Amino acid sequence: MSIRRWLTPVLLAWLMAWTGLVAAETDGQALLNNLTERDKAAAVTAIAESGDPRARRWLEAFADNKLSRMKDSGQFVVVLENRGRDWTVEDALTGEAIGEVSRRNLDRVRINNAMRSQIANTLALLDLTVDDIDQRRQAAGDLRGQVDEDLVGPVETLMNQASDEDVREKLAQALAIYRVEQGDVSAVSVLSGSLNSDARSALNGAAGSDDPAMAAAAQEAMASIEQKLKLNKAAETLYFGLSLGSVLVLAAIGLTITFGVMGVINMAHGELIMLGAYTAWGMQQLLPGQPGLALILAIPAGFLVSAFAGIIIERSVIQFLKGRPLETLLATFGVSLILQQLVRTVISPLNRTVVTPEWMSGSIMINEALSLTLNRLYIIGFALVVFAGLMLVMRRTRLGLDVRAVTQNRAMARSMGIRATRVDIMTFALGSGVAGLAGVALSQTTNVGPNLGQNYIVDSFMVVVFGGVGNLWGTLVAGLSLGTINQLLEPWAGAVLAKVVVLVFIILFIQKRPRGLFPQKGRAAEG
Amino acid sequence: MTDSNRMWLTRPLTEGSTRLFLGLLAAAMTAVVLMHLVFPEGHALHMSIYTVTLMGKYLCYALLAVAVDLVWGYLGILSLGHGAFFAVGGYAMGMYLMRQIGTRGEYGHPVLPDFMVFLNWDQLPWYWHGFDMAWFAFLMVLLAPAALAFVFGYLAFRSRVTGVYLSIMTQALTFALMLAFYRNEMGFGGNNGFTDFKDLLGFSLLTDGTRLGLFIATGVALAIGYVLCRAIVTSKLGRVSVACRDAEARTRFLGYRVERVQLFIFVVSAMLAGVAGALYVPQAGIINPNQFSPIFSIEIVLWVALGGRATLYGAVIGALVVNYAKSVFTGIMPEAWLFALGGLFVFVTVFLPKGIAGLLPKKKRPDDDDSDTTAQEATA
Amino acid sequence: MSIFTEFTERDRVFDFLAPTASPVDVRHGPILYLEDVTVSFDGFRAIDDLNLTIDDGELRCIIGPNGAGKTTMMDIITGKTRPDTGSVWFGSRHNLLRMNEPDIASLGIGRKFQKPTVFEALSVFENLELAMAADKRVFPTLTARLTGEHRDRIGEVLEMTGLKDLWRREAGVLSHGQKQWLEIGMLLMQRPRLLLVDEPVAGMTEQEMERTAELLTGLAGQQSVVVVEHDMGFVRSIARTVTVLHQGSVLAEGSMDAVSNDPKVVEVYLGEGI
């Protein structure tokens with residue numbers, strides 16, 4: 001039976017005009033009743049043309065053998081679970097759950113195989129007529145590789161009528177795939193440059209064609225696609241690299257301040273990051289149902305929690321170890337053990353999940369081979385904002401000036417009336433607070449658990465050392481480039497080996513340039 | 001001042017402090033052996049073979065601590081990666097023990113260790129050859145950590161990476177090795193490492209006699225390691241090493257090649273750590289990549305700091321005290337152990353910079369008397 | 001020149017065959033020779049086209065205002081800093097720019113730092129022992145024994161520096177002046193051909209300064225001595241030839257009287273009363 005008979009262009013126009021408007025008016029029960037009649041094809045057409053929003057559900061259930069009718073009430077149901085004697089069903093019209101019904105009481109609406117392909121085609125076209133533009137684009141995209149002899153006509157019509165450029169292009173590709181498969185050389189040019197996998201497999205098939213003209217054209221088109229794919233792959237690697245790098249920058253930049261400016265090796269830095277991540281988790285516990293708001297509030301809260309913890313560490317430990325960097329390393333390592341165990345004891349040794357708010361999930365589709373996940377994009381942005389903020393604090397505020405003065409000459413700064421002790425506290429609080437910010441960001445990419453900090457501490461130190469101690473720009477460049485190198489290596493070395501290679505690379509790099517990428521020069525830097 | 005005309009290696013044996021240390025060590029070990037052998041099981045003074053082996057492990061840690069103290073206390077290099085040398089030595093021993101299993105493994109393969117059969121490998125990787133011979137394996141226990149230390153130290157010291165940077169690099173070294181050893185493809189058993197050892201030099205590791213022998217061997221190794229380190233630190237080279245620690249540039253301007261001094265002592269220390277690891281593995285019955293974890297390495301530093309930096313006996317005391325405390329704590333209240341360990345780090349660095357050794361009553365330096373007498377002579 | 005022709009010159013003494021004891025060759029002129037040396041840090045020229053010649057056995061004083069490049073010059077000679085351009089020769093055979101600090105020290109160039117640097121954890125005796133001229137490679141140092149001759153030599157220096165009664169004290173407990181003396185003592189133990197002495201009398205009493213002056217003038221003749229000093233009185237008391245450095249290059253050179261009357265020098269030191 002030909003589809004053209006029931007889906008004539010005229011009908012289609014009518015369908016599009018009346019979509020939605022008629023939906024509510026149409027009697028669903030009557031439409032479904034038709035399915036149990038003899039002319040099921042007409043019934044399917046009627047359902048498709050009804051524009052009823054439930055149409056897809058019905059047709060899918062029908063094609064799946066899941067549309068049934070209750071013997072006693074004549075009510076149409078969709079079977080959800082069909083194991084055992086009692087089946088779980090819901091009302092086909094209202095969508096309400098009915099619960100378990102004895103299998104014997106159900107009368108399946110029968111379907112034959114010819115019907116199935118009709119339904120598949122109907123479903124493929126169904127979404128092309130809805131109001132929602134995104135759904136239409138999606139449906140147009142899905143048609144690629146699905147077009148067969150029966151669909152060519154309707155698809156062509158829809159393409160000519162489509163107002164949206166994207167829909168039109170996708171439909172054109174769908175048709176071209178069909179034509180290339182049929183051996184039409186002129187259709188190859190439509191597919192050239194398309195990143196769609198169905199288009200590629202159609203061209204791939206055509207490249208081995210007996211027709212030399214076809215084979216040559218297809219091969220050329222394939223080459224241009226390969227080129228494009230490679231570029232996209234590179235862009236994706238770069239994107240992953242930058243996002244990983246941003247995480248590294250976030251984790252390390254607080255350390256640059258405490259290590260570079262104060263000369264304090266803070267091994268508890270990782271645990272300050274962990275505190276920030278737990279703050280994000282805690283905020284979401286306080287505001288159930290509003291993960292997004294909680295996350296935004298966690299940004300200042302995470303800063304404050306970690307900064308406060310930093311002040312306690314500075315006052316209770318670090319101030320007694322001035323000028324003994326190796327001792328601060330050991331003491332703060334002790335602090336890190338205590339903080340980890342504290343979290344294990346007070347909260348739980350198990351990982352906690354921090355919910356990703358809706359506006360952070362999903363991705364931006366650049367083209368069909370490249371889509372950028374939103375949460376990574378947010379992290380890159382967040383890292384840059386934090387970096388810019390820190391630059392501003394160090395360059396433009398009184399605190400920044402004091403910090404730089406104390407770094408360069410402590411005694412002189414003191415005699416100029418700068419209270420070095422207070423500057424120390426503030427600096428450490430700032431570095432710790434930034435660690436807290438990093439923690440809030442990390443809660444979106446990794447498990448929040450007591451060991452979270454440990455995973456980042458070695459990497460953070462590497463970034464600081466690689467970039468040149470005390471240099472914010474160095475940290476930025478080092479973090480981003482290490483992240484990218486890591487991602488570049490991963491495909492051929494594997495994640496673990498890539499990390500090992502990066503570590504070895506830094507160890508070797510430090511031999512050549514002991515002061516990192518951006519060293520401080522001159523006599524003052526020596527000794 | 002010690003008699004400087006003796007051979008450098010035997011010179012420590014004339015020292016009162018070294019004799020005291022060796023005497024105490026011998027006495028303690030004799031006590032352990034007697035408590036195990038003489039008193040019957042169930043007797044209040046009986047020491048089970050389990051406890052003897054535990055003591056043996058402590059002695060391995062003590063030797064490791066001595067090795068760390070040699071580089072940190074006397075050379076000023078805070079190594080946060082000595083666990084790596086310990087583990088490499090341990091793995092070398094582990095490879096020998098794995099080869100000794102032979103057909104007694106679960107898969108019964110005559111050559112390949114179980115994990116390789118499991119991974120469907122059909123032959124030994126090249127670096128596994130020779131480990132069926134004890135002499136070769138024992139040589140590797142010394143050479144493998146030495147080679148690692150040599151390559152790393154050569155690069156680091158040549159380019160004058162010192163202080164905090166060097167510490168961070170050593171930490172990165174052990175971290176990188178840990179990640180690498182976790183990989184199955186490395187051919188070191190992945191994250192399970194090596195275990196289920198059967199025998200060593202033909203003696204079954206399951207018998208009390210072998211375990212007692214291992215305990216004694218560890219004690220002897222500690223004694224030799226201690227004397228060797230003592231010989232180095234009391235030699236002129238030991239004084240040069242202290243000179244490098246306190247004023248590197250000055251030492252260089254006196255004509256000493258600081259990087260070579262550092263390299264020599266670093267490599268010796270790595271070899272001692274390797275021996276400690278090799279003795280540890282048959283007693284612990286397992287070696288896995290956790291021994292490479294940065295936390296373990298930094299814990300070793302704590303033992304030394306607690307015992308007293310730049311006093312070799314202090315390192316021994318620190319290792320024994322911390323590990324005994326760890327056994328007690330993890331037995332009674334495991335939750336509290338990390339609190340205690342963390343607190344100890346803070347306490348020692350802030351309040352006890354000289355460690356336990358700094359608390360011990362110090363023998364009055366004979367110098368002061370001497371200078372008094374010479375001063376009197378001069379005025380007379 | 002190719003390596004082969006080098007080897008075919010039968011009468012030539014190859015570097016690796018040359019005797020190690022006092023290898024410096026001063027038959028053809030000066031012991032130290034700096035030519036067109038320039039070094040800059042971040043664009044700032046600490047040493048700018050410096051030329052300096054020290055003769056064998058000479059006692060030379062180098063003066064100059066702060067930042068004139070005196071310490072940087074010493075850093076270059078001892079191998080701590082590499083110049084951007086120029087050449088530095090020790091005698092006529094040794095290109096110092098190709099050597100590192102220990103090599104240069106073993107050649108016989110000793111240095112006393114501006115801030116007295118001694119090994120504080122070691123005793124006075126041990127400080128001198130380490131400085132003593134000896135085979136300073138690792139294994140010989142490990143197995144080194146102290147002979148009677150060595151003890152005598154150390155005793156002599158203890159006597160000379162007035163530290164005899166303090167020989168067992170830790171160097172860290174010495175006073176500033178005593179540390180200066182100890183460092184000078186360490187220099188003497190090295191038996192260098194050339195001594196570079198940076199501000200030797202800072203923190204010394206009048207008497208100690210006199211003794212230092214005696215010591216340095218006594219050394220000159222057998223050894224070459226370069227003294228960098230701020231104390232003009234001291235310089236006047238020992239100087240034969242004075243070099244004035246200014247902004248990284250030589251401003252004037254000559255006897256103390258000639259230099260102090262030089263109008264350029266007076267201008268640089270204006271108000272400092274040379």
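Biologist: How many aromatic pairs does the structure hold over all chains?
Modeller: The model is a predicted one. Over all chains, the number of aromatic pairs is 39.

Biologist: Is the pair of B:Phe86 and B:Tyr280 stacked, tilted or edge-to-face?
Modeller: A pair of aromatic rings is described by the distance of the centres and the angle of the planes. For B:Phe86 and B:Tyr280 the centres are 5.3 Å apart and the planes stand at 55 degrees. Planes under 30 degrees apart would count as stacked and over 60 as edge-to-face, so the pair of B:Phe86 and B:Tyr280 is tilted.

Biologist: How many residues apart in sequence are the parts that B:Phe86 and B:Tyr280 tie together?
Modeller: Both B:Phe86 and B:Tyr280 are buried. B:Phe86 belongs to helix H3 (residues 82-101) of chain B and B:Tyr280 to helix H10 (residues 258-284) of chain B, so the parts tied together are apart in sequence by 194 residues.

Biologist: Which kind of pair do the rings of B:Phe157 and B:Phe266 form?
Modeller: The centres of B:Phe157 and B:Phe266 are 5.5 Å apart. Their planes are at 85 degrees, and over 60 is the cut-off that applies. The pair of B:Phe157 and B:Phe266 is therefore edge-to-face.

Biologist: Which helix of chain B holds B:Phe266, and is B:Phe266 buried or exposed?
Modeller: B:Phe157 lies in helix H5 (residues 134-158) of chain B and B:Phe266 in helix H10 of chain B, so this pair ties together parts 109 residues apart in sequence. B:Phe157 has a relative accessible area of 3%. For B:Phe266 that value is 1%. The helix of B:Phe266 is H10, and B:Phe266 is buried.

Biologist: Over the ring of which residue does the charged end of C:Arg111 sit?
Modeller: The charged end of C:Arg111 is 5.2 Å from the centre of the ring in question. That ring belongs to B:Phe253.

Biologist: What area do chain A and chain B bury between them?
Modeller: The size of an interface is often given as the accessible area lost when the parts come together. Here 42 residues of chain A are in contact with 38 residues of chain B. Of the area buried between chain A and chain B, 81% is on carbon and sulfur atoms, and the total is about 3700 Å².

Biologist: Which helix gives the largest share of the side of chain A that touches chain B?
Modeller: Between chain A and chain B there are 0 salt bridges and 3 residue pairs in polar contact. Helix H15 (325-346), helix H20 (454-467) and helix H22 (495-512) of chain A each supply at least two residues of that side. The largest share is 15 residues, and the helix is H15(A).

How values were computed:
Residues are numbered from 1 along each chain as its sequence is written. Chains are lettered from A and ligands numbered from 1 in the order in which they are written. This is a predicted model: local features need pLDDT of at least 70, side-chain atom pairs count only at pLDDT 80 or more; totals for chains, interfaces and linings use all residues. Side-chain values use heavy atoms; hydrogens and water are left out. Rings of Phe, Tyr and Trp (its six-membered ring) pair if their centres lie within 6.5 Å; planes under 30 degrees apart count as stacked, over 60 as edge-to-face and the rest as tilted. Helices (H or I, at least four residues) and strands (E, at least two) are DSSP runs, numbered from the N terminus. Buried means under 20% relative accessible area, exposed over 50%, partly exposed in between (1.4 Å probe, protein chains only). A charge sits over a ring if NZ of Lys or CZ of Arg is within 6 Å of the ring centre and within 35 degrees of the ring normal. Contact means heavy atoms within 4.5 Å. Buried area is the accessible area (1.4 Å probe) that two parts lose on being put together, summed over both. A salt bridge is a side-chain nitrogen of Lys or Arg within 4 Å of a carboxyl oxygen of Asp or Glu. A polar contact is a pair of N or O atoms within 3.5 Å; within protein, one must be able to donate a hydrogen and the other to accept it, and residues adjacent in sequence count only if both atoms are side-chain atoms.
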